[in-house]
Amino acid sequence: MISGGGTGGHVYPAIAIANAFKARFEDAEILFVGAKGKMEMQKVPEAGYTIKGLWISGLQRKLTLDNLSFPFKVLDSLMKSKKIIRRFKPHAAVGVGGYASGPLLRMAVKNKVPAIVQEQNSYAGLTNKMLAKKVQKICVAYPNMDRFFPAEKVVLTGNPVRKDITELADKRATAATHFGLNPDLPVLMVLGGSLGARTLNDSMIQNIEKLIDSNVQVLWQCGKFYHTEMQEKLAKVVNNGSVKLFEFLKEMDLAYAVADVVISRAGALSVSELSIAGKPTIFVPSPNVSEDHQTKNAQAMVESNAAVLVKDTEARGSLIDRAIELLKDEEKKAQLSSNIKAMAKPNAANEIVDEILKLIA
Ligand SMILES: CC(=O)N[C@H]1[C@@H](OP(=O)(O)OP(=O)(O)OC[C@H]2O[C@@H](n3ccc(=O)[nH]c3=O)[C@H](O)[C@@H]2O)O[C@H](CO)[C@@H](O)[C@@H]1O
């Protein structure tokens, strides 16, 4: 049983673990448990798995009507989790962070189901911190996570990444055809995390003409909340077809394969995937996340000269110029590519499956 979600940064590692488990045990039965109305309720069935939804959300920092219903939601989710666990009788439960994994994993532990959590970030999330005392193992992606978790439970596996993203060699030509790009001209990919990023979108709109004049082609993922607005704004500037706007990229492997330089938020999974893909990257960490954890995620890369960091507050001014400069600098691109690749942990999903199997045994 695998539980969690809310954003791509939780959902895709969950799917990667399920796929790695299925690859070893074809007949394994896997059930996902997510939060009603959240991204996992759509993405998990698309990946071929069954998911059940709990009525659960986060606690808001200010007093809202939603907060009044929070205790009821927790109680309802705990009861529903208990029922789901009793019916499905899992051999193990894995929590990937996000609202639903709290009640599900608590109930799993209470019902003596071996339990693991997977923490994607260099700064531990609230749900995982609460579960840490109860579960048997905590699979992490960054060193020194015993600041948050009992040291004897921590295993450094890296973040589980979808298999197609670990196999990019020879996909560039197919990818260029797929996106309608000229394989001989440079490609910039702009990635705002699973939900899109206002700063990156504004920087793009302000600089479209500069990019086109520099012969740069762009794969620009703007996020579902910004799509209509960006489409309208893009229609007003001259676009010779070399700027491709997407609400959400389904074929991330192809997008990574064709990108020469990437501008990205520093969500944990983006960082892990870009490392595996070996892409020269400019990270613009989101300032809107707890404890500024995206800056911490990106910092590890920057300290190893494996990526460039531009602060969110400075992005509107200089980001696109720096990307154009980097696209032209072959030496710097090669150096960043080889250094970021050295940080990759492409076997994480399999190592997590090993940990699950040890617990079951
Ligand atoms: C705003 C916010 O709360 N962000 C958090 C969220 O990130 P968020 O979900 O935004 O970002 P991540 O970078 O961790 O993961 C994004 C995932 O979505 C996929 N993807 C993205 C765009 C797209 O068009 N298509 C696509 O498939 C990526 O390939 C990746 O697998 O969870 C991460 C992991 O806990 C945290 O580090 C982030 O700080």
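## Ligand shell

The shell around the ligand has nine nonpolar, 16 polar and one charged residues by class. This description rests on a predicted model. In total, 26 residues surround the ligand, and the closest of them are Thr7, Gly8, Gly9, Gly193 and Gly267.

Three helices, α1 (8-24), α11 (268-277) and α12 (293-303), each contribute at least two residues to this shell. Domain 1 (2-159 + 346-360) and domain 2 (164-342) each give at least three residues to the shell around the ligand.

## Two domains

The domain assignment divides the protein into domain 1 (2-159 + 346-360) and domain 2 (164-342). Taken over C-alpha atoms, the centres of domain 1 and domain 2 are separated by 29 Å. In the contact, 15 residues come from domain 1 and 13 residues from domain 2. On the side of domain 1 that touches domain 2, the residues comprise seven nonpolar, eight polar and no charged.

## The annotated C-terminal region

An unreviewed UniProt entry lists residues 187-351 as "domain: Glycosyl transferase family 28 C-terminal". In the model, the chain over residues 187-351 is 53% helix and 14% strand. The C-alpha atoms at the ends of this stretch lie 34 Å apart.

## The six-stranded sheet

An open sheet is formed by six strands in the order β10-β9-β8-β11-β12-β13, with parallel pairing. At its edges are β10 (243-246) and β13 (308-309), each of which pairs on one side only. Strands of a sheet pair through backbone hydrogen bonds, either parallel or antiparallel.

Strand β11 has a partner on either side in the strand order, β8 and β12. Four bridges connect β8 (residues 187-191) to β11 in parallel, and Leu188 stands opposite Val261 in β11. Three bridges link β11 (residues 261-264) to β12 (residues 281-283), again running parallel. Here Ser264 is placed opposite Phe283 in β12.

Are the residues on the two faces of β11 buried or exposed? Val261 and Ile263 on one side, and Val262 and Ser264 on the other, are all buried, and both faces are covered. In a regular strand the side chains alternate between the two faces of the sheet.

## Two loop residues with positive phi

Lys89 is in the loop between α3 (65-88) and β4 (93-95). Its phi is near 50°, a positive value in a residue other than glycine. Lys89 counts as exposed because it has 10 C-beta neighbours inside 10 Å, and the cut-off for exposed is 12 or fewer.

Asn305 belongs to the loop between α12 and β13. For Asn305, which is likewise not glycine, phi is positive and near 55°. Asn305 is exposed because 11 other C-beta atoms lie within 10 Å.

## Lys110 in helix α4

Which helix holds Lys110? Lys110 lies in α4 (residues 101-110). Lys110 counts as partly exposed because it has 13 C-beta neighbours inside 10 Å, a count between the limits of 12 or fewer for exposed and 20 or more for buried. Lys110 and Lys82 are 28 residues apart along the chain, and 9.1 Å separates their C-alpha atoms.

Terms used: Residues numbered from 1 in each chain as written. Predicted model: local features only at pLDDT ≥ 70, side-chain atom pairs only at ≥ 80, totals over all residues. Near = placed C-beta within 6 Å. Nonpolar A, V, L, I, M, F, W, Y, C, P; charged D, E, K, R; others polar. Domains from an automatic or database assignment. Contact = placed C-beta atoms within 7 Å. UniProt positions renumbered as here; feature names shortened; annotations may be inferred. Pairing = 2+ DSSP bridges.
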